[in-house]
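I opened this notebook page to record what I looked up in the structure shown below. The entries follow in the order in which I made them.

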Amino acid sequence: SAASGDANVQYSSNWAGAVLVGSGYTSVTGTIVVPTPEEPSGGSRRTQYAASAWVGIDGDTCQTAILQTGVDFYIQDGEPSYDAWYEWFPDYAYNFDDFDISAGDSIQMTVTASSKSGGKAILENLSTGQSVSHSFSGESADLCETNAEWIVEDFSDGSSLVPFADFTTVTFTDAAAVSGGSTVDT
């Protein structure tokens, strides 16, 4: 494993962002400003383009499970839309209902593991004051608690990646992780 402070650049076909590799990660949080997605140059208005921003525990060096929550942004026929979701992979992602998201909103995303098979996903729209959460318990796949992540993703639908939306930037601010009970330097 890399010494503290060493950056290890790796390439992924569909993830971009930062991953901490260590042990005992039980909480990850970060805030983004929701972008306005746009159809890529040369794209078709009829096609739905999408991207996702999320925080998570595991899924990089630990492949057994991922506890994650985030937002998806879509553009189709010139109309942006958004959804908010939570997931304990390998189970599916589930949408949070009644959570309003607009371009320019600040969304704080947090996942916490109370055990290797339980925890919580929390989204708060800091611009509207609305928050949603989902609690997990007795999940079939255990976390390793070895990765903390802040990711922008071209996500999969079935066996293929969705057509990737254009957007200006997605920046994670107030990014923090807890390992072994202490907040660690990101």
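How many disulfides does a search of the whole structure find? I searched the whole structure and found 1 disulfide, counting as such a pair of cysteine sulfur atoms within 2.5 Å.

Basis of the entries. I note that this is a predicted model, in which local features need pLDDT of at least 70 and side-chain atom pairs count only at pLDDT 80 or more, while totals for chains, interfaces and linings use all residues. Residues are numbered from 1 along each chain as its sequence is written, and side-chain values use heavy atoms, with hydrogens and water left out.

Entry on the disulfide. I looked up the partners and found Cys62 joined to Cys144, with an S to S distance of 2.1 Å. The pair links distant parts of the chain, 82 residues apart. I placed Cys62 in the loop between strand S3 (49-57) and strand S4 (66-76), and Cys144 in the loop between strand S9 (130-136) and strand S10 (147-153). Strands are DSSP runs (E, at least two residues) and helices likewise (H or I, at least four), numbered from the N terminus. The torsion about the S-S bond of Cys62 and Cys144 is about 65°, so I recorded the disulfide as right-handed.

Entry on accessibility. I used a 1.4 Å probe and protein chains only, with buried meaning under 20% relative accessible area, exposed over 50%, and partly exposed in between. Cys62 is buried at 3% relative accessibility, whereas Cys144 is partly exposed at 29%. Of the 186 residues of the protein chain, 41% count as buried.

Entry on the fold. I counted 0 helices and 14 strands in the protein chain. The radius of gyration is 16 Å, close to the 16 Å that the globule rule gives for 186 residues, so the chain is as compact as a globular protein of that length. That radius is taken over C-alpha atoms, and the rule is 2.2 Å times the number of residues to the power 0.38. I also noted that the C-alpha atoms fill a box of roughly 45 × 35 × 30 Å along the principal axes.

Entry on Ser156. I found Ser156 in strand S11 (residues 156-157), partly exposed at 42% relative accessibility. Leaving aside its neighbours within four places in sequence, Ser156 is in contact (heavy atoms within 4.5 Å) with Leu161 and Val162. Ser106 lies 50 residues from Ser156 in sequence and 25 Å from it in space, C-alpha to C-alpha.
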